[in-house]
Amino acid sequence: MTLRLALASLFARALTVGMTILAIGLSVALFLGVEKVRTGAKASFADTISGTDLIIGARSGSVQLLLYSVFRIGNATNNVTWESYQDIADRPEVDWIVPISLGDSHRQFRVMGTTQAFFDHYKYRQGRALAMSDGVIMDDLFDTVIGADVATTLGYSVDDPIVVAHGLASFTEHKDQPFRVSGILEKTGTPVDRTVIVSMEAIEAIHVDWQSGAQIPGQSTPVDVIRGMELTPKAITAALVGVESPLQTFALQRAINEYPEEPLLAILPGVALQELWGIVGIAETALLAVSAMVVVTALIGMMATIFSSLNERRREMAIFRAMGARPATILGMLVFEAMLMAAFGALLGVALLYAGLFIAQPIVDSAFGLWLPIDAPSLREVYVILGVVAAGAIVSMVPALRAYRLSVADGMMIKS
Amino acid sequence: MQVGDAVLALSKVAYRWPGRTAFSLTVPDLSVAKGESVLLLGESGSGKSTLLSLICGTVLPDRGTVKVAGTNIAGLSGAARDRFRAEQIGVIFQQFNLLPFGSVVDNILLPLRFAPERRARAGHAASEAANLCTALGLPTDITQAKANTLSVGQQQRVAVARALIGQPPLIVADEPTSALDANSQVAFLDLLFAQTATHGTSLLMVSHDPRLGERFDRVISMEDIALIERAAA
């Protein structure tokens, strides 16, 4: 009867109660949505590279190495010589190694020189391999494979010619050696989507007439001659390594870090990602705190609604008192009512979250490469609902205590 | 009148409004016997509401005793007094007696929630409520209707059913007919008296209308039983 009367009382004030529940529902949906995007972004971040045991580059910071080698953010401070690369590649612990050469760009996209092995060993999102959406992996010196975002942004299709610029944001173009798009990769949600991939030899080829970052005046080697040249790279930017056995990872890492010929750095991608996430984490915590404040605001709105309803409900409370209800019962009823509103609000929030996810999931995936998984409500969601109900009970104590005092003062007779 | 038979007995009661020292109420002696119906006449501002609050135990006298069914209610704790009120007294207001969002049967059964003994006395509460509705001339299908869909006359009769259920020894009514027109007043009182007679319930009704007096066993006026002191403002 108590529950039924409480529900009937709420239903009688359907409009204001509905608004309150909607406000709580939206705030809870926002909170859970931020949480979802946060974990999704974190997972997506961690999914950028998978299956690689070590990343090798010139000695700098581990986050910096991770940023330029995997995320194509920032630049390498130094290169790794081809000899060092060969030395490491020849070590018995190394199962596979993929060289990466960066430094050129095409429009706003980075150009990456690598080998066929990149397509075999680069994995993302729990071991998924790259796949071609159109065309084939490059087999000619002047072939290129482009990421999905490059293709859509610049409107390229297979067999289109492209010209690579020297450096980044540069006006100097390698006009003498135009490339041909041989294949377009499927969308991955990783920086590969925004990369133009060419062979290591191609990187050498376009720099034949260049020295110390500038074109040698008057020199222009014909393409036929370049094709006949020895195009072994002199240096690489970084390398991805897979080890024979996971047990050897640390030994290899130590050996590379103590490599006597050249200062090198080997990092574990997972550890560096954690470190990087630790930096990004502050913003993420701030976002979560803001959305938690929105929930608090909605609950305070509920408190205001209960407050403003007290006056018109004094008659109701007087009836309860006349029928033998204690002031504490009146207090309990108001708190219970608030908890019901908070619970309905929180449940509405969860429903809105799922509705939102179903609608937004494909859009967010294609627009941002961010995959938001739709899972059954977890313990976390249950805790959020319980937390909102408990917080609702706490904030409702303020108007409920006022109702308590009013009902003590009024008794059964309302004094105006 | 023997005090032992009194359902209600006030003796040397004095009450001063907190914060309003200029206003105080004294009731030297007032009693209502078992089965007796008493009309208490008084103009507004004569202290009627305060007297009812003293009888129902929502305010306590500064001095003197208020006994309901032989129990001095000042001797009870606040929570026990609230339960005692639910057990012993049926209350009918002037108007707005019912929870508008509750059904008729919800409203009738409301005092039983707070009074386990009275609930036990009522037996099968839902059918008891239906019987009372029938006896009070309400349509039989009314019990599930929402209280705010009823006419004022119907609402007052539901309030009577609520006061009567579980047979409390005393019914306190605060101008229950003032919201009704003359014809409805007569019909209402007929039904009320028939029910209090059937159950042997004492009735204390407060009103400003002396014309109702002839139907009661006894008519007293506030001026005769109570002394109001107002300091010159």
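# Reading strands and helices in a predicted model

Modeller: Start with one pair of residues: Val111(A) has Val196(A) as its bridge partner in β11(A). The model is predicted; local features need pLDDT of at least 70 and side-chain atom pairs count only at pLDDT 80 or more, whereas totals for chains, interfaces and linings use all residues. Residues are numbered from 1 along each chain as its sequence is written, while chains are lettered from A and ligands numbered from 1 in the order in which they are written.

Colleague: How many bridges join β4(A) to strand β11 of chain A?

Modeller: Strands of a sheet pair through backbone hydrogen bonds, either parallel or antiparallel. Here β4(A) and β11 (residues 195-199) of chain A run parallel and are joined by five bridges. Two strands pair if DSSP finds at least two bridges between them. Strands are DSSP runs of E with at least two residues, helices are runs of H or I with at least four, and both are numbered from the N terminus.

Colleague: In which sense do strand β3 of chain A and β4(A) pair?

Modeller: β3 (residues 94-106) of chain A pairs with β4(A) in the antiparallel sense, over four bridges. His106(A) has Phe109(A) in β4(A) as its bridge partner. The two strands form a hairpin with two residues between them, and Arg107(A) in the turn has a positive phi of about 55 degrees.

Colleague: How many residues of strand β4 of chain A are buried?

Modeller: Six of the six residues in β4 (residues 109-114) of chain A are buried, and the strand is mostly covered. Buried means that 20 or more other C-beta atoms, placed from the backbone, lie within 10 Å of the residue's own; 12 or fewer is exposed, and in between is partly exposed. Ala130(B) gives a case in the other chain: it counts as buried because it has 20 C-beta neighbours inside 10 Å.

Colleague: Where is Ala130(B) found?

Modeller: Ala130(B) is in helix α5 (residues 125-135) of chain B. Leaving aside neighbours within four places in sequence, Ala130(B) is in contact with Thr140(B) and Thr143(B); contact means C-beta atoms, placed from the backbone, within 7 Å.

Colleague: What order do the strands of the open sheet in chain B have?

Modeller: The five strands run β6-β7-β8-β3-β9 (chain B), with parallel pairing. β6 (89-92) and β9 (218-221) of chain B are the edge strands, each pairing on one side only. On average, neighbouring strands are turned by 15 degrees against each other, direction ignored. β3 (residues 37-41) of chain B runs parallel to β9(B), and four bridges join them. Leu40(B) has Ile220(B) as its bridge partner in β9(B).

Colleague: Which strands does helix α1 of chain B lie across?

Modeller: α1 (residues 48-56) of chain B lies across β3, β6, β7 (170-174) and β8 (202-207) of chain B, at about 155 degrees to β7(B). Helix α6 (residues 152-164) of chain B also packs on the sheet, touching β6 and β7 of chain B, and its direction makes about 170 degrees with that of β6(B). Such angles run from 0 to 180 degrees between N-to-C directions, with axes fitted to C-alpha atoms, for helices over the stretch in contact.

Colleague: At what angle do α10 and α12 of chain A pack?

Modeller: Two packed helices are described by the angle between their axes and the distance between the axes. α10 (residues 269-312) and α12 (residues 327-368) of chain A pack at about 140 degrees, with axes 11 Å apart. That angle makes α10(A) oblique to α12(A); under 35 degrees is roughly parallel, over 145 roughly antiparallel, 65 to 115 roughly perpendicular, and the rest oblique. Leu299(A), Met302(A) and Ile306(A) in α10(A) meet Leu334(A), Ala338(A), Met341(A) and Ala342(A) in α12(A).

Colleague: Which residues of α1(A) meet α12(A)?

Modeller: Ala6(A), Ser9(A) and Leu10(A) in α1(A) meet Met333(A), Phe336(A), Glu337(A), Leu340(A) and Met341(A) in α12(A). The axes of α1(A) and α12(A) are 10 Å apart at an angle of about 70 degrees, and the two helices are therefore roughly perpendicular.

Colleague: How many residues does the contact take from chain A and from chain B?

Modeller: The contact takes 18 residues from chain A and 23 residues from chain B. On the side of chain A that touches chain B, α1 (2-12) and α11 (314-322) of chain A each supply at least two residues.

Technical notes: Contact = placed C-beta atoms within 7 Å.
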